[in-house]
Amino acid sequence: MGIENAFAAVIVNNASPTSPLKTFLSRYFYLCASIAMAGLSVWAFSHTVDARLLHADPPRPLLLWFHAVLFSAWIVLFIAQSALVRVRKVRVHRTLGWFGAALAAAMVVSGFIVSVVMLRFEMTAALNRNRVASFLAILWVDMIIFGVCIALAIYFRKRPEYHRRLVFMASSQLMQATFIRFHYIGYHDLFYPALDVLIMAGMLRDWVADDRVNKIYLYVFPAMIVLQAWATYLEQTNPTWWQAATQAILG
């Protein structure tokens, strides 16, 4: 009986229930993150969309409206896909995922084109044309990181532990456009650290819920930081060769 009681005690200790925090993070982190991103974006753009798009003077190019619709659709899709996983509608999630892949491809193409169109537009009224042009580094690196993460997410679509984190990192990178609209963050070029906090929250989620950080973060996140740092360097220092490059691109 003594031995049986000892084994029973071991079983009880090892079968202790998962903490409510672990359960919540495991089940709801990505859904909550997608809703938080949507809320931040609505809040940030609500302060600029009227003067810079809806009733802009002079009117903005029509292509910007198309670009805005694409990126708004991505946020809605990110929430929907996260919710579908949560309610175990995996088949619908996968079917809708191919629409997401097409949408992401359109966003990348639109991002590169609109960045050139809008910077040319902004340069017409800018006192410091080189300063405006140098921001092309930020806009293009955003599209490169987003596009590569989504391409990897499609490649790893049958490995959800990689797929969901890559989509999350891709969506986090898009938050540059949101964070730059918060005055202090935008004025001090802190949009990359701000969006990186979101990704680090994902890593913290793994640490708490899974007792380890998924290796996709350990491989992809450092590469993202390097590209972000490179873009920030070009935007802030605007070396001569980058001025020549942006002049060739923007005219």
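This is a predicted model: local features need pLDDT of at least 70, side-chain atom pairs count only at pLDDT 80 or more; totals for chains, interfaces and linings use all residues.
Helices in this description are DSSP runs of at least four residues, numbered from the N terminus.

Aspartate 211 lies in the loop between α11 (191-210) and α12 (215-237). The phi of aspartate 211 is near 65 degrees, a positive value in a residue other than glycine. Most residues other than glycine have a negative phi. At the other end of α12, asparagine 238 occupies the loop between α12 and α13 (240-250), and asparagine 238 likewise has a positive phi, of about 50 degrees, although it is not a glycine. Asparagine 238, at 10% relative accessibility, falls under 20% and so counts as buried.

Leaving aside neighbours within four places in sequence, methionine 169 is in contact with Cys149, Ile199, Ile216, Tyr217, Val220, Phe221 and Met224.

Another methionine, at position 37, belongs to helix α2 (residues 20-46). Its relative accessible area is 4%, so methionine 37 is buried. Beyond its neighbours within four places in sequence, the contacts of methionine 37 include Phe78, Phe168 and Leu198.

Because tyrosine 30 lies in helix α2 and phenylalanine 168 in helix α8 (residues 160-174), the pair ties together parts that are 138 residues apart in sequence. Both residues of this pair, tyrosine 30 and phenylalanine 168, are buried.

What arrangement do the rings of tryptophan 230 and tyrosine 233 adopt? Their centres are 5.7 Å apart and their planes are at 20 degrees, so the pair is stacked. Both residues lie in helix α12, three residues apart, about one turn of the helix. Tryptophan 230 counts as partly exposed at 42% relative accessibility, and tyrosine 233 counts as partly exposed at 41%. Trp230 and Tyr233 form one aromatic cluster with Trp241 and Trp242.

A ring can also face a charge: the charged end of arginine 86 sits over the ring of tyrosine 28, 5.4 Å from its centre.

Key
Residues are numbered from 1 along each chain as its sequence is written. Side-chain values use heavy atoms; hydrogens and water are left out. Helices (H or I, at least four residues) and strands (E, at least two) are DSSP runs, numbered from the N terminus. Buried means under 20% relative accessible area, exposed over 50%, partly exposed in between (1.4 Å probe, protein chains only). Contact means heavy atoms within 4.5 Å. Rings of Phe, Tyr and Trp (its six-membered ring) pair if their centres lie within 6.5 Å; planes under 30 degrees apart count as stacked, over 60 as edge-to-face and the rest as tilted. A charge sits over a ring if NZ of Lys or CZ of Arg is within 6 Å of the ring centre and within 35 degrees of the ring normal.
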